[in-house]
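Here's a quick tour of a protein fold, one topic at a time. Keep the picture open while you read.

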Amino acid sequence: MTRLATLAAGLLALVPVLTSATLAQNAPPPSNAPSPAETNPLPTTTVPDTSKSGPDPASPAPQQVPIPRPAQSGAAQTLTPPASTLPTLVPTPAEPNDVDAVTLPAKPVAILSGETKWEDARANLRTAFKTIGETLTRHNLKPAGRPIALFTKTADDGFQYEAMIPIEASPAEGAGGGDVKFGSSPSGKALRYKHSGTYEEIDGTYETLIAYLDAKEIPVQDRFLEEYVTDLGEGADDRLDINIYALEK
């Protein structure tokens with residue numbers, strides 16, 4: 001249990017780091033300049049037009065309309081639902097706990113195996129998910145869940161992984177996907193712990209989870225599953241929501 005032994009030697013609590021941002025303010029207008037209200041005063045009353053018959057011509061207040069995300073170029077945009085509509089492996093309860101005991105279902109997934117150094121993990125995982133998405137487009141398959149990554153073997157300098165994207169159904173047997181294979185996601189009892197922060201801060205979350213497992217004497221497998229509720233962005237300061245699943249023995 002290489003990763004467990006490495007993380008257990010660290011801190012036993014996640015110490016959040018608060019950062020502050022400075023807001024730039026525009027300089028106020030000169031004191032002798034007229035205000036917008038003085039230049040274009042609003043009428044204090046509204047007199048209805050009684051010369052017209054029929055219902056009140058006043059129009060209802062406009063409805064709030066969500067701002068759509070920018071469309072992605074290429075054929076993939078017609079096959080990939082918005083991230084907000086893709087479900088997680090297990091629904092989040094209305095009042096989630098720090099650690100939730102869940103049962104992971106076996107779901108059909110497209111899988112791309114790889115290995116990476118720790119410092120390149122986010123970039124290589126993002127590339128793996130892009131490759132899987134391109135394969136799904138070629139096979140006219142739609143994602144049916146958030147991207148996940150199973151850490152199959154870890155060491156001090158890096159790890160081996162299986163990047164996966166859940167799909168509605170596996171393609172016909174024999175369908176070629178190159179390096180991308182089709183199979184099932186890990187299933188069974190697991191403990192889910194949520195990470196909220198940058199990807200570089202996730203080691204602290206693992207240390208907190210390991211401390212919890214040690215205190216409760218809960219045996220788990222020598223591998224973890226990460227589910228990316230928000231996309232892995234390119235910015236080091238991007239705040240992410242990631243579900244970490246410790247698979248029970």
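Let's begin with α4, which has 15 residues and reaches 21 Å from its first C-alpha to its last, close to the 21 Å expected at 1.5 Å a residue. (The expected span of a helix is 1.5 Å times one less than its number of residues.) You're looking at a predicted model, where local features need pLDDT of at least 70, side-chain atom pairs count only at pLDDT 80 or more, and totals for chains, interfaces and linings use all residues. Residues are numbered from 1 along each chain as its sequence is written, and side-chain values use heavy atoms, with hydrogens and water left out.

**The overall layout**

- The protein has 4 helices and 8 strands; both are DSSP runs numbered from the N terminus, with helices being H or I of at least four residues and strands being E of at least two.
- Of the 249 residues in the protein, 33% are buried. Here buried means under 20% relative accessible area, exposed means over 50%, and partly exposed is in between (1.4 Å probe, protein chains only).
- Among contacts with a separation of 6 or more, 77% are between residues 24 or more positions apart; a contact means heavy atoms within 4.5 Å.

- In what order do the strands of the open sheet sit? The 8 strands go β1-β6-β8-β7-β3-β4-β2-β5, with antiparallel pairing. Two strands pair if DSSP finds at least two bridges between them.
- β1 (99-104) and β5 (181-184) stand at the edges with a single partner strand each, so one side of each has no neighbour in the sheet.
- From one strand to the next, the twist averages 35 degrees. Such angles run from 0 to 180 degrees between N-to-C directions, using axes that are lines fitted to C-alpha atoms (for helices, over the stretch in contact).
- β1 and β6 are antiparallel and joined by 6 bridges, and V102 has A190 in β6 as its bridge partner.
- β6 and β8 also run antiparallel, with 8 bridges joining them. Looking across to β8, you'll find L191 opposite A246, K194 bridged to N243, and G197 opposite L240.
- On to β7 and β8: 6 bridges join this antiparallel pair, and Y228 stands opposite I242 in β8.
- β8 is largely enclosed by the rest of the structure, because 7 of its 9 residues are buried.

**Helices against the sheet**

- α3 lies across β2, β3, β4, β5 and β7, and runs at about 35 degrees to β4.
- α4 lies across β1, β3, β6, β7 and β8, and runs at about 140 degrees to β6.
- The buried residues of α4 are I202, G204, T205, Y206, E207, T208, L209, I210, A211 and L213.

**The nonpolar cores**

- In soluble globular proteins, nonpolar side chains tend to be buried together.
- The largest nonpolar core has 34 residues, and L125, F129, I132, Y199 and Y228 have the most contacts inside it. A nonpolar core is a set of buried Ala, Val, Leu, Ile, Met, Phe, Trp, Tyr and Cys residues joined through side-chain atoms within 4.5 Å.
- Elements that each supply at least two residues of this core include α3 (121-138), β6 (188-197), α4 (202-216) and β8 (240-248).
- Which element gives the most to this core? That's α3, with 6 residues.
- Leaving out residues up to four places away in sequence, Y199 touches A121, R122, L125, F151, E226, Y228, L232, L240 and I242.
- Another core lies apart from it and has 13 residues, among them L89, V102, I111 and L247.

**Two loop residues with a positive phi**

- Most residues other than glycine have a negative phi.
- N140 isn't a glycine, yet it has a positive phi of about 55 degrees. N140 sits in the loop between α3 and β3 and counts as exposed, at 60% relative accessibility.
- E217 isn't a glycine either, and it too has a positive phi of about 55 degrees. You'll find E217 in the loop between α4 and β7, where its 71% relative accessibility makes it count as exposed.
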